[in-house]
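Work through the exercises below with the sequence and the 3D view open. Try each task before you read its solution.

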Amino acid sequence: MNETNLDMIYGIRPVQEALRSKKRNVTQLYVSDSKAGHRTVEEIIRLAKRANVKIDRIDNSTLDRLTRHANHQGVMAKIQPVRLMKLSNAIYESDGNKKDLWLAVDEMTDPQNLGAIIRSAACLGFSTIILPNRRTVGITPAVYKVACGAIENINIVEVANLSAALNDLKEEGFWIYGADMAGKPITKMQYASPAVLVIGSEGFGIREKTAENCDEIISIPQKGGVESLNAAAAASIIMYDMMAKVKC
């Protein structure tokens, strides 16, 4: 495999999950000398040895430099890139699952928010996440770190035009729900399925053109002096509500 095509991931949980899942080929593991004897790191080393992964023990300052001083927790790996699915393939895999739940992200640029959303989506039974290939943060090392390896357990679909993708999904029987503070309270919602939840950017929410392609705009009732929830917190609350009402 060409080294230039490899992704870099760091952090104990992300690297551990990548080795456990075996969905992507890990080619090299870097471990800081400072982590010698650390129980979870030693397990990561054992997993790497079983998979015939090359292991390099390096000093912490070198690992800081390789990860650009990210919170690597003494562990970094080179890995085959995330497999991005075509929308048509994801629809084919979903065919027949009347309770399937998807998430779509509209121009989100904060890796912390996207990583947290991916982690929540995987935990709450969402099978697929749609990411536009422009004006949206991709699956960067920072996103992967925050997601704690959840990316290994969810389909990632990349599309050129989110509005067109939502229209395609509607034609395939999906119901589209957009999150916006002006929408119908989720306490009054009963969701049709299969369904897609659309979450917008941190500062501007979902775009008007995207909202036009939603079957329903929904919101979280709020009290108190805080203006609004951030995108990751709002997404988690709505995803839980959808999961509880659709999967029951």
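This is a predicted model: local features need pLDDT of at least 70, side-chain atom pairs count only at pLDDT 80 or more; totals for chains, interfaces and linings use all residues.

Residues are numbered from 1 along each chain as its sequence is written, and side-chain values use heavy atoms, with hydrogens and water left out.

**Exercise 1.** Find the partner that forms a salt bridge with Arg 20, and say which helices the pair ties together.

*Solution.* Start with the rule: a salt bridge is a side-chain nitrogen of Lys or Arg within 4 Å of a carboxyl oxygen of Asp or Glu. The partner is Glu 43, with the closest N and O atoms 2.9 Å apart. Glu 43 lies in helix α2 (residues 39-50) and Arg 20 in helix α1, so the bridge ties together parts that are 23 residues apart in sequence. Helices here are DSSP runs (H or I, at least four residues), as are strands (E, at least two), numbered from the N terminus. Last, check the cover: Glu 43 has 25% relative accessibility and counts as partly exposed.

**Exercise 2.** State how many salt bridges a search of the whole structure finds, then trace the network.

*Solution.* The search finds eight. Take Glu 107 and Arg 135, whose side chains meet at 2.8 Å, N to O. Glu 107 sits in the loop between β6 (101-105) and α5 (111-123), and Arg 135 in the loop between β7 (128-132) and α6 (141-147), so this pair ties together parts 28 residues apart in sequence. Now widen the view. A network of salt bridges links Asp 106, Glu 107, Arg 135 and Arg 207.

**Exercise 3.** Locate the two ends of the salt bridge between Lys 170 and Asp 215.

*Solution.* The N to O distance is 3.8 Å. Lys 170 belongs to helix α7, while Asp 215 is in the loop between α8 (208-212) and β11 (216-219), so the two parts tied together are 45 residues apart in sequence. Lys 170 is partly exposed, with a relative accessible area of 30%. Asp 215 is partly exposed too, at 35%.

**Exercise 4.** Is His 72 buried or exposed, and which backbone atom lies 2.8 Å from its side chain?

*Solution.* Then look for the contact. The backbone nitrogen of Gly 74 lies 2.8 Å from a polar atom of the His 72 side chain.

**Exercise 5.** Examine phi at Lys 22 and at Gln 73.

*Solution.* Lys 22 has a positive phi of about 60°, although it is not a glycine. Lys 22 is in the loop between α1 (12-21) and β2 (26-32). At 69% relative accessibility, Lys 22 counts as exposed. Gln 73 also has a positive phi, near 60°, and is not glycine. Gln 73 lies in the loop between α3 and β4. Its 31% relative accessibility makes Gln 73 partly exposed.

**Exercise 6.** Which peptide bond is cis, with omega near 5°?

*Solution.* The bond runs from Ser 193 to Pro 194. Pro 194 lies in the loop between β9 (175-185) and β10 (195-199).

Key. A polar contact is a pair of N or O atoms within 3.5 Å; within protein, one must be able to donate a hydrogen and the other to accept it, and residues adjacent in sequence count only if both atoms are side-chain atoms. Buried means under 20% relative accessible area, exposed over 50%, partly exposed in between (1.4 Å probe, protein chains only).
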